[in-house]
Amino acid sequence: MMDYIASHGLDIFTTVLGLVYILLEYRASIWLWLVGIIMPALDVWLYWSHGLYGDAGMAVYYTIAGIYGYAVWKYGKKHNQKEKEELPITYMKKSLYLPTLLFFLAAWGITYYILITFTNSTVPLQDSFTNALSFVGLWALARKYIEQWFFWIIVDAVCFYLYIVKGIPFKAGLYGLYVIIAVAGYFKWKKMMKKS
C-alpha cells in the first residue's frame, strides 16, 4: 500500500489541490488563482513523466495564466461595473463567439502539429483538443464568463478518459468529479449572477 501511495504521491497531492481549486472556483473565490498557480506547476512534471506532453505544456500555461486570472479578478473592469465592485459574472458577448471558435480551432491545429512532430504522444488528437479548449476555458474563467463552465465540462470529460488510459487514476477520478462540479458550478454562478 505504501509503495502504491509513494509511486502516486504527486498524482494524489495535485488531486487534493485540484479539489480545493474547483471548490474555490465553484464559490467564485479569488483564492482559486493561488491554487491555480501551485497545482499546475507541479502538474508539469506529472504529465511529462506520463507522456502527456500537451498537458505538460498546458500546465506551464496554467501556471502563468493563474497570475493573469488573479490580476483580472482583482483589478479588471467590465462595462457598467461599479467602483470597488468585484468583477461580476456575466455572459460572453455574442461578438466573441466567432473569434473564440477560430482561436480554438487554430490552437487545436497548432498543438496537434507540435505533438505529432516533436513528441511521441500516443493521443495527440485528444491531448491537443483538451489543450486548445482549455486555453479558451481559462480565458473565459479569467473574464468571469458563465460559459466557461461549458468549456470545462467538455475538457474534464475528455481528460477523465485520457487519464484512465494513461494510468493516472487519481487525476482521472478528479476529472470525473470535475464534470459533476462543473455542472453544479454553472447553476451556482447563474444564481449568483441573478443576485448581483
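Helix H6 is followed by Lys 144, a residue whose phi is positive, near 60°. Helices here are DSSP runs of H or I with at least four residues, strands are runs of E with at least two, and both are numbered from the N terminus. The model is a predicted one, in which local features need pLDDT of at least 70 and side-chain atom pairs count only at pLDDT 80 or more, while totals for chains, interfaces and linings use all residues. Residues are numbered from 1 along each chain as its sequence is written, and side-chain values use heavy atoms, with hydrogens and water left out.

Lys 144 is found in the loop between H6 and H7. Most residues other than glycine have a negative phi. Lys 144 counts as buried because its relative accessibility is 2%; buried means under 20% relative accessible area, exposed over 50%, and partly exposed in between, with a 1.4 Å probe and protein chains only. Ala 28, in the loop between H2 and H3, also has a positive phi near 60° and is a residue other than glycine. With a relative accessible area of 10%, Ala 28 is buried.

The charged side chain of Lys 144 has a partner. Lys 144 forms a salt bridge with Glu 86, and the closest N and O atoms are 3.4 Å apart. This pair links distant parts of the chain, 58 residues apart: Lys 144 lies in the loop between H6 and H7, and Glu 86 in the loop between H4 and H5. A salt bridge is defined as a side-chain nitrogen of Lys or Arg within 4 Å of a carboxyl oxygen of Asp or Glu. Whereas Lys 144 is buried at 2% relative accessibility, Glu 86 is exposed, with a relative accessible area of 57%.

The structure holds two salt bridges. In another pair, Asp 43 is joined to Lys 171, with the closest N and O atoms 3.0 Å apart. Asp 43 lies in helix H3 and Lys 171 in helix H8, so this pair ties together parts that are 128 residues apart in sequence. Both Asp 43 and Lys 171 are buried.

Tyr 145 also lies in the loop between H6 and H7. At 9% relative accessibility, Tyr 145 counts as buried. Its contacts, taken as heavy atoms within 4.5 Å, include Lys 78, Thr 90, Tyr 91, Met 92, Leu 96, Trp 139, Ala 140 and Trp 189, not counting residues up to four places away in sequence. Tyr 145 and Lys 93 are 52 residues apart in sequence and 9.1 Å apart in space, C-alpha to C-alpha.

Attention now turns to H6 itself. The 19 residues of H6 should span 27 Å at 1.5 Å a residue, and its end C-alpha atoms are 27 Å apart, which agrees; the expected span is 1.5 Å times one less than the number of residues. Of those 19 residues, 15 are buried, so H6 is largely enclosed by the rest of the structure. Asp 127 is found in H6, which covers residues 124–142. Asp 127 is buried yet has no salt bridge, and the nearest side chain of opposite charge, Lys 166, is 7.6 Å away. For such charges, Lys and Arg count as positive and Asp and Glu as negative, while His and the chain ends are not counted. Leaving aside residues up to four places away in sequence, Asp 127 touches Leu 52, Tyr 53, Gly 54, Asp 55, Leu 115, Ser 121 and Leu 162.

Helix H8 (residues 169–195) has 27 residues, which should span 39 Å at 1.5 Å a residue; its end C-alpha atoms are 39 Å apart, in agreement. Buried residues of H8 include Lys 171, Tyr 178, Tyr 186 and Trp 189. What covers the buried residues of H8 includes H2, H3, H4, H6 and H7.

The largest nonpolar core has 52 residues, and those with the most contacts inside it include Tyr 21, Trp 73, Leu 138, Tyr 163 and Trp 189. H2, H3, H4, H5, H6, H7 and H8 each supply at least two residues of this core, and the largest share, nine residues, comes from H8. A nonpolar core is a set of buried Ala, Val, Leu, Ile, Met, Phe, Trp, Tyr and Cys residues joined through side-chain atoms within 4.5 Å.
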